[in-house]
Amino acid sequence: MAITDILTFSTGSKRVIGQTGSLVTTAANQPAFDWSTGRRRLLVEAAAATKYGPYSEAVGANWTLGGAVAGGTALGADGTAGLSELIEDTSTGVHRAYVSSSYYPTAAAGDAFAVQVDVKAGVGSRNIVIYATGSAFSTSQTLFVNPATGAVVSQSSGMSRVSVTARPGGIWHIEATVSADVAGSTQLILYLASGVATSYTGDGVSSLYAGYVNLEKVAAVGRPPSSYVPIPTTAAVTRIADDVRLSAAVLAILNGPTATLCLRGKLRAAPVGIQSLVGDATGRRLLYTNNSDTQIASYYGDAIGSATAATGGLSGGFGVVAARVLGGASKICLNGGAVAALTTDPAETFATARLFADGAGAGACNGFIDELVIWPLVGSDAALQAQAHVYGA
């Protein structure tokens, strides 16, 4: 059975990590299989994102260079010449690339922004600095990374969830999140650094490569950026929300007199508020997590029919089972913990079932699906516990 027999897809084109570790493009309305952990997982990004970072794959040609000149280009992880060489000149001072803050979003106090940049070593041993600044930050935030080794050399306290991962061709993918202190402007600047010094006398030859720049507003500082989106000009680009649903055939089983739904996967970040794992188009949630890394519930309708299973952490991977008996005796189990019974069990069916989203919108989140299992029956508590495990466990 093909995945398109189980799920339907309404999505935009997406860039994900392919089987060889390279950045590949999946077509719109097709499953986006991501191999970033060395195995295939279905990436679902049910939360839309607006991406900033003008000329994300042409930094040297289109950004303003200060104390630096543009060299050649290098292939990015997708085989496109999207990394620009930034060469420091011989002046004393800063050596950087930037665009006007007018091309970046205005922040409200407390807004969180996630950035991603790909880098590669050039000539010499300069570090790259991801520099978040603007009137929204009482203190500019910095992240120093060695583009030859991927090592984090230094980071300021306001840089959260810092991540550096290897990509083919000596490329390092850098991610970090910062939070605005007050309402105001934001701006992203890329510096060359001598050690941890951003102001020094250049030698006229030292360089590094940078590109694939994205900045986006996220729900909280613990959230990573979503998948990379090219920005060919100065205008921001919106990645539409994925709408991934159970097919009509699968939904018919789920709406039958008895059914068991097993979902194994991983959220992209720890839950913030209600996060829908499976929901319908009218705002109801079949499975959701609520404000906690260790809580999950089933929910049939408007604040009725919920039970909590509180074992394990969702952001570390989850295996959840919802066993449904239409009209009574439905159950839920998370990560092999105790089986919990629904306190109220209305006899209702679902017209749709969406992964990581619902019609209310607030519950939309991003994550990976490892396995999806549907049974037209309900097993024993021991059978449910055996199914409720993280992938591979």
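Start by selecting strand β18 (residues 187–193): seven of its seven residues are buried, so the strand is largely enclosed by the rest of the structure. Buried here means under 20% relative accessible area, with exposed over 50% and partly exposed in between (1.4 Å probe, protein chains only). Strands are DSSP runs of E with at least two residues, helices are runs of H or I with at least four, and both are numbered from the N terminus.

A word on what you have open: this is a predicted model, where local features need pLDDT of at least 70 and side-chain atom pairs count only at pLDDT 80 or more, while totals for chains, interfaces and linings use all residues. Residues are numbered from 1 along each chain as its sequence is written, and side-chain values use heavy atoms, with hydrogens and water left out.

Stay on β18 and show its side chains. In a regular strand, side chains alternate between the two faces of the sheet. On one side you'll find Q187, I189, Y191 and A193, on the other L188, L190 and L192, and all of them are buried.

Strand β13 (residues 127–133) pairs with β18 in the antiparallel sense over seven bridges; look for T133 opposite Q187. Strand β11 (residues 96–98) also pairs antiparallel with β18, over three bridges, and R96 stands opposite Y191. Two strands count as paired if DSSP finds at least two bridges between them.

Next, colour an open sheet of seven strands, in the order β4-β5-β32-β23-β28-β29-β30, with antiparallel pairing. The edges are β4 (33–34) and β30 (340–341), each with a single partner strand, so one side of each has no neighbour in the sheet. At the β4 end, two bridges join β4 to β5, and D34 stands opposite R41 in β5.

From there, go to the largest pocket, with a volume of about 510 Å³. On a 1 Å grid over the protein atoms alone, a pocket is an open set of points with protein on both sides within 12 Å along at least five of seven lines, whereas a cavity is a set where a 1.4 Å probe fits but cannot get out; lining residues have an atom within 4 Å of a point. Grid points are joined across faces, edges and corners, and the volume is the space filled by probe spheres set on them.

Of the 26 lining residues, pick I17, S36, R167, E175 and R268, the closest to the centre. Strand β16 gives the most to the lining, with five residues. By class, the lining has nine nonpolar, eight polar and nine charged residues. Nonpolar covers Ala, Val, Leu, Ile, Met, Phe, Trp, Tyr, Cys and Pro, charged covers Asp, Glu, Lys and Arg, and the others, Gly among them, are polar.

The second largest pocket, about 350 Å³, has 23 lining residues, with A47, A219, R223, A364 and N366 nearest its centre. Its lining divides into 15 nonpolar, three polar and five charged residues.

Finish with two loop residues. Y55, between β6 (49–52) and α2 (59–62), has a positive phi of about 50 degrees although it is not a glycine, and at 23% relative accessibility it counts as partly exposed. F356, between β31 (354–355) and β32 (366–375), also has a positive phi, near 60 degrees, but is buried at 0% relative accessible area.
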